[in-house]
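Please consult the sequence and the model shown below.

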Amino acid sequence: MTFRVEPMALRDYARKLCEIERVAEEADRYVTTHGTFSFHEAGLIGRAAPGHRNLMAELHELMAHLKRLGAESAKGLNAAADDYQATDLSSAAEIDATYPPVPAGYLKPYD
């Protein structure tokens with residue numbers, strides 16, 4: 001059984017995770033634009049009851065958390081891709097070093 005990791009596949013997925021940050025920002029703007037009531041829209045009861053303000057605060061907190069989650073996940077995947085790529089290059093160099101050297105002039109370019 002073998003385990004194979006493609007660093008470019010990890011980087012592609014990390015780029016997709018970066019979209020979470022953008023989408024969360026857009027969702028947060030939408031919540032702010034369409035979820036905020038003016039004094040006249042909310043009325044006295046709306047201002048006296050903290051439920052809506054608490055909900056808005058929780059939604060903003062959730063969007064901030066999603067942004068951080070996407071950004072940190074992308075950062076972690078890129079770091080893993082870097083590690084796997086370095087390991088692959090190091091392993092390839094170690095294997096290449098086990099082969100005997102080719103004598104100078106042995107390989108000639110095509111004419």
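Does M63 count as buried or exposed? M63 counts as buried because its relative accessibility is 11%, where buried means under 20% relative accessible area and exposed over 50% (1.4 Å probe, protein chains only). The model is predicted, so that local features need pLDDT of at least 70 and side-chain atom pairs pLDDT 80 or more, while totals for chains, interfaces and linings use all residues. Residues are numbered from 1 along each chain as its sequence is written, and side-chain values use heavy atoms, leaving out hydrogens and water.

**Surroundings of M63**
- Helix α3 contains M63.
- Beyond its neighbours within four places in sequence, M63 is in contact (heavy atoms within 4.5 Å) with A24, A27 and D28.
- A distance of 7.0 Å separates the C-alpha atoms of M63 and E25, which are 38 residues apart along the chain.

**Packing of α1 and α3**
- The axes of α1 (residues 7–35) and α3 (residues 51–98) come within 8 Å and cross at roughly 170°.
- The two helices are therefore roughly antiparallel, a term for angles over 145 degrees.
- The residues of this contact comprise 20 nonpolar, eight polar and seven charged; Ala, Val, Leu, Ile, Met, Phe, Trp, Tyr, Cys and Pro count as nonpolar, Asp, Glu, Lys and Arg as charged, and the others, Gly among them, as polar.

**Helix α1**
- Buried residues of α1 include A24, L17 and V31.
- Part of what covers the buried residues of α1 is α3.

Terms used: Axes are lines fitted to C-alpha atoms, for helices over the stretch in contact, and angles run from 0 to 180 degrees between N-to-C directions. Helices (H or I, at least four residues) and strands (E, at least two) are DSSP runs, numbered from the N terminus. Angles under 35 degrees count as roughly parallel, over 145 as roughly antiparallel, 65 to 115 as roughly perpendicular and the rest as oblique.
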